Amino acid sequence: MSKITVTRKKLEELLEDLEKRSDIMASALVTRDGLVMASALPKEIDEDAISAMAGMMLGLGNRVGIVLKRGAAEQVIINGKEGYAILTECGPAVLIGLAPSDAKLGILLYEMKDTANAIKNIMMK
């Protein structure tokens, strides 16, 4: 088994663990230029479209944060009628998490950051 296959499997296990221990219903890890690295998204969600937009959204969040003198964005939160979409900076990647509207946002943000840190550790090896 190649190192890339092992790393992808570890990343997918982290996404599955995130979904088991929190209200995150679906998740993915994508590169900043829009390529899927690992995914646990439902089939009805277009992985390619989401991955392309996620990198752009975090990039835009970074620009806004810098212009507003708040620094680079660590997380971008979308609060829609059907729930949350949370994008979390993850080194060279972006962690995407989807949760229902009744989820506790503070816990979601903590779990997303915790998973992002674990992903960074794997990617640095």
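Is Met-53 buried, exposed or partly exposed, and what is its relative accessibility? Met-53 counts as partly exposed, because its relative accessibility is 43%. The cut-offs: buried is under 20% relative accessible area, exposed is over 50%, and partly exposed lies in between, with a 1.4 Å probe and protein chains only.

A quick note on the model. It is predicted, so local features need pLDDT of at least 70 and side-chain atom pairs count only at pLDDT 80 or more, while totals for chains, interfaces and linings use all residues. Residues are numbered from 1 along each chain as its sequence is written, and side-chain values use heavy atoms, with hydrogens and water left out.

Back to Met-53. This residue sits in helix α2. Together with Met-56, Met-57 and Ile-78, Met-53 forms a nonpolar patch on the surface. Their accessible area together is about 370 Å². Helix α2, residues 47-67, gives the patch its largest share, three residues. Helices here are DSSP runs of H or I, at least four residues; strands are runs of E, at least two.

Now strand β5, residues 93-99. Six of its seven residues are buried, so the rest of the structure largely encloses this strand.

What does β5 pair with? Strand β1, residues 26-31, runs antiparallel to β5, with six bridges. Pairing takes at least two DSSP bridges between the strands. Val-30 stands opposite Val-94 of β5. Strand β4, residues 83-90, is also antiparallel to β5, joined by seven bridges. There, Cys-90 has Ala-93 in β5 as its bridge partner.

Last, the turn. The hairpin of β4 and β5 has two residues between the strands, and Gly-91 takes a positive phi near 70°.

Technical notes. Patches are made of residues with over 30% relative accessible area and no salt bridge: like charges are joined within 9 Å, nonpolar side chains (Val, Leu, Ile, Met, Phe, Trp, Tyr) within 5 Å. Accessible areas come from the Shrake-Rupley method with a 1.4 Å probe; for residues, only the protein chains shown count as cover. A salt bridge is a side-chain nitrogen of Lys or Arg within 4 Å of a carboxyl oxygen of Asp or Glu.
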